Amino acid sequence: MPTEAAWWQRGIIYQIYPRSFQDSNGDGIGDLAGITARLDYVVTLGVDAIWISPINPSPMADFGYDVSDYTGIDPIFGGMADFDALLDAAHQRGLKLIMDFVPNHTSEQHPWFLESRSSRDSLKRDWYIWRDGKDGSPPNNWMSEFGGSAWTFDEASGQYYYHAYLPQQPDLNWRNSDVRAAMGNALRFWLDKGVDGFRLDTIHHLFEDEGLRDNPLNPDFHEGLPPREQFERTHQTDQREVRDVLGEFRRICESYDDRVLIGEAYLPLEKLMRYYDGVHLPFNFHLIGAPWNAAHLADLIWRYEQLLPRNGWPNWVLGNHDRSRVASRFGIKAAPLAAMLLLTLRGTPTLYYGDELGLADVNIPPAQVQDPWEIRVPGFGLGRDPVRTPMPWASEPNGGFTAGKPWLPLHDNVSELNVQTLDGKPGSLLDLYRDLIALRRREPALSTGDYGTVEHRDDVLVYERVHAERRLFIALNLGTTLIYTPLPGPGELLFSTVHGWKGKIAGDLLRLQPHEGVIVDISAIA
Ligand code: GLC
């Protein structure tokens with residue numbers, strides 16, 4: 001642990017999905033002015049930074065993850081003046097602002113792709129990945145993350161182009177130095193404006209095997225999995241050259257003060273660690289995929305810590321715009337415990353908007369489905385609309401999110417589950433989040449401290465966090481029965497997810513209610 005931790009090591013990141021946070025103009029879609037208007041709420045949470053999913057101009061085939069201009073703002077979200085106002089308002093409140101940057105692919109409507117597509121002789125042909133087919137079929141067996149072949153045939157120029165995601169998201173060719181230069185300039189544009197860092201989209205996809213070798217069959221494939229899982233992604237992701245590009249990104253960022261680079265890569269822990277060369281925080285999504293099981297979590301925490309490179313700073317993500325919400329994954333009863341877990345683990349936590357209220361996945365009627373993933377691969381339950389529904393602010397129609405028709409329906413108990421109602425309501429999840437965050441801010445042991453033990457005792461996950469003379473004992477009962485678990489000695493209860501009480505614990509046995517988590521100060525024990 002460096003003596004002076006950076007803000008992104010001490011701090012907490014709050015992810016905002018801009019379409020769904022706050023609409024300010026009645027078109028049913030959230031926007032930048034809406035986020036600005038809600039910053040005071042974000043401040044009340046006690047978080048340090050907001051990360052905003054993409055706001056660049058985009059045909060919205062994948063809701064902003066298909067960028068057609070890297071240095072602009074999509075009119076749906078506002079204009080550059082709205083962005084400047086948001087950045088300024090965030091900074092005035094001591095909040096950092098992290099942008100989403102999508103380097104792997106552009107929109108098919110990006111002028112670069114339009115030019116690249118225009119002819120085989122185009123000066124930008126090599127900016128994307130064009131290949132001849134094989135006997136009337138695509139160049140190889142690579143599949144798109146959204147289903148179907150990863151190659152789309154372009155009639156006019158008679159070649160296929162590669163897209164790891166939608167056909168509307170052609171992959172850039174990162175082996176081309178002009179692409180690297182152009183994207184570097186885009187990063188500098190935002191850094192010059194004063195943004196505090198980037199979340200880099202899908203970095204493990206930046207390069208593909210140059211020889212375009214077929215992917216091997218996935219030995220674990222079975223009926224019920226989406227067809228795209230038939231093959232491993234051996235030659236399609238996680239190629240060695242990624243690190244060079246990330247190194248360039250990092251040099252650019254580090255030529256400015258105090259900026260952070262976060263990378264999105266869904267990879268096993270061993271592979272994820274290699275991305276520490278390039279980014280400060282390769283997102284650790286392993287809590288998202290984890291079962292709610294004390295043995296599994298203890299092993300995960302321990303393995304992650306063991307694998308971290310020297311000087312590699314840990315981080316944990318509880319939810320995001322692509323995966324089922326925590327209240328649905330682990331159940332609403334487990335939500336307070338999950339909050340305590342996220343906020344007492346070593347490393348930077350990322351919290352997804354609405355999870356602090358206990359929002360669950362919302363059932364979207366088929367006729368209202370918006371997500372291209374669900375539309376292309378129906379029936380696999382992979383659609384992401386359920387986790388992207390509008391933030392409920394008050395018990396009003398549409399939860400105060402919009403005066404118009406929301407782009408996705410809100411959950412159906414808005415009158416009870418909204419910020420205004422939960423605000424200050426004793427025992428509400430929102431207050432629990434605020435209190436836990438405040439405690440984490442007061443206790444360096446919780447944010448930057450080391451671990452003592454990490455273990456599980458039946459259903460109870462137990463760990464210690466230590467900083468200087470401070471020693472905090474955390475026990476989370478993931479089970480559904482009352483349980484007693486040993487405490488290393490007498491201590492002082494600082495926080496419980498169940499009781500409102502705090503105070504001395506005289507004995508050396510902790511009594512934990514079902515779904516109860518506690519933080520006990522045991523610094524006095526010799
Ligand atoms: C990332 C984003 C996801 C998007 C995909 C393609 O995984 O989080 O929302 O669809 O990249 O850009």
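This note goes through the fold of the protein chain and then the surroundings of its ligand.

1. The structure is a predicted model, in which local features need pLDDT of at least 70 and side-chain atom pairs count only at pLDDT 80 or more, while totals for chains, interfaces and linings use all residues. Residues are numbered from 1 along each chain as its sequence is written, and side-chain values use heavy atoms, with hydrogens and water left out.

2. The protein chain contains 15 helices and 19 strands, counted as DSSP runs (H or I of at least four residues for helices, E of at least two for strands). Its radius of gyration, 24 Å, is close to the 24 Å that the globule rule gives for 526 residues, so the chain is as compact as a globular protein of that length; the radius is taken over C-alpha atoms, and the rule is 2.2 Å times the number of residues to the power 0.38.

3. Of the 526 residues in the protein chain, 61% are buried, meaning under 20% relative accessible area with a 1.4 Å probe and protein chains only.

4. Around the ligand there are 13 residues, of which Asp62, Asp201, Glu264, His321 and Asp322 come nearest; a residue counts as near if one of its heavy atoms lies within 4 Å.

5. The ligand taken alone exposes 310 Å², and the protein buries 96% of that (accessible areas by the Shrake-Rupley method with a 1.4 Å probe).

Methods: Buried means under 20% relative accessible area, exposed over 50%, partly exposed in between (1.4 Å probe, protein chains only).
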